[in-house]
Amino acid sequence: MKTLDYQRDTMIREHLMSRGIRDRAVLEAMRDVPREEFIDGRMVENAYGDHPLPIAEGQTISQPYIVAYMTEALELKSSDRVLEIGTGSGYAAAVLSRIATTVYSVERLGGLAQGARERFDRLGYSNIVVHEGDGTLGWPEHAPYNAIVVTAGAPKVPQPLLDQLAIGGRLVIPVGRSYDVQMLVRVRRVTEGDYRSEELCGVRFVPLIGAAGW
Ligand code: SAM
């Protein structure tokens, strides 16, 4: 087996750069975070494969390219405060935390939330805060956020997330009427009441389950 460092470099070159990921901060963050720490040890040989992997509780850790694509689409600045909905393994939150100042991450499944907290402690990612709860309601205590990313598929954009987006902020979310196929959408809050939405690409995510989700 090739070393994990070699596999990570290959992933950056062949799965990210060759498909158009250009943001230096995103590429550096993807190089910095050890994906093998966020998956079951029995799958370590697949850590840098070009595909999602199963994690506990029937959920998934997203394909590295999708993590990079969504992170780039958020147009992050180092001073940004980010809300992530769907902590899962914690991998995407770790990537976001290498670029933004603070990451607030909400996960509905307690076992996953706790597992991610333990990983962040072990790996020293001290600017990520995890909350167990229904992320379709956002996390109002820390709002507004400069960027919000949802890593599960929603039937429509949850209103609480729109409300918690700062003016000038970006929300990236998979939206679709079917349970497992969505369009990745970016919404910008231009003024208090003016939101602009654009479609980015087709994606497949596990469902966003909650009061303002499925
Ligand atoms: N970002 C994750 C990672 O890097 O491993 C992958 C997330 S996985 C594709 C989607 C996650 O969204 C699952 O862990 C699922 O439990 C969670 N989820 C679904 N509905 C949710 C909700 N209403 N609030 C918070 N998390 C939710």
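In the predicted model, E192 counts as exposed, at 57% relative accessibility, and its side chain meets that of R189 in a salt bridge with an N to O distance of 3.3 Å. R189, by contrast, is buried, with a relative accessible area of 8%. This pair belongs to a structure that holds 16 salt bridges.

A further salt bridge joins the side chains of E198 and R188 at 3.7 Å, N to O; because E198 lies in strand 9 and R188 in strand 8, the pair ties together parts that are 10 residues apart in sequence. Both residues count as partly exposed, E198 at 30% relative accessibility and R188 at 27%. E198 and R188 are also linked with E75 and R186 in a network of salt bridges.

The side chains of R204 and D180 likewise meet in a salt bridge, at 3.4 Å from N to O. This pair links distant parts of the chain, 24 residues apart, with R204 in the segment after strand 9 and D180 in the loop between strand 7 (165-175) and strand 8 (182-189). R204 counts as exposed at 61% relative accessibility, whereas D180, at 36%, counts as partly exposed. The segment after strand 9 (195-203) also holds W214, which is partly exposed, with a relative accessible area of 34%, and which forms a nonpolar surface patch of about 280 Å² together with Y179 and I209.

In helix 2 (residues 24-32), V26, L27, A29 and M30 are buried; they cover an arc of only 160° around the axis and therefore lie on the same side of helix 2. The cover over these buried residues includes helix 1 (4-16), helix 3 (64-73) and helix 4 (91-97). At the start of helix 2, a side-chain oxygen of D23 comes to within 2.9 Å of the backbone nitrogen of A25.

Note on methods: Residues numbered from 1 in each chain as written. Predicted model: local features only at pLDDT ≥ 70, side-chain atom pairs only at ≥ 80, totals over all residues. Heavy atoms only, no water. Patch = residues over 30% accessible without salt bridge, like charges linked within 9 Å, V, L, I, M, F, W, Y side chains within 5 Å. Areas by Shrake-Rupley, 256 points an atom, 1.4 Å probe, with all protein chains shown as cover. Salt bridge = Lys/Arg side-chain N within 4 Å of Asp/Glu carboxyl O. Helix = DSSP H or I, 4+ residues; strand = E, 2+ residues; numbered from the N terminus. Buried < 20%, exposed > 50% of the residue type's maximum accessible area, 1.4 Å probe, protein only. Arc of directions from axis to C-beta. Contact = heavy atoms within 4.5 Å. Polar contact = N/O pair within 3.5 Å; in protein donor to acceptor, adjacent residues only side chain to side chain.
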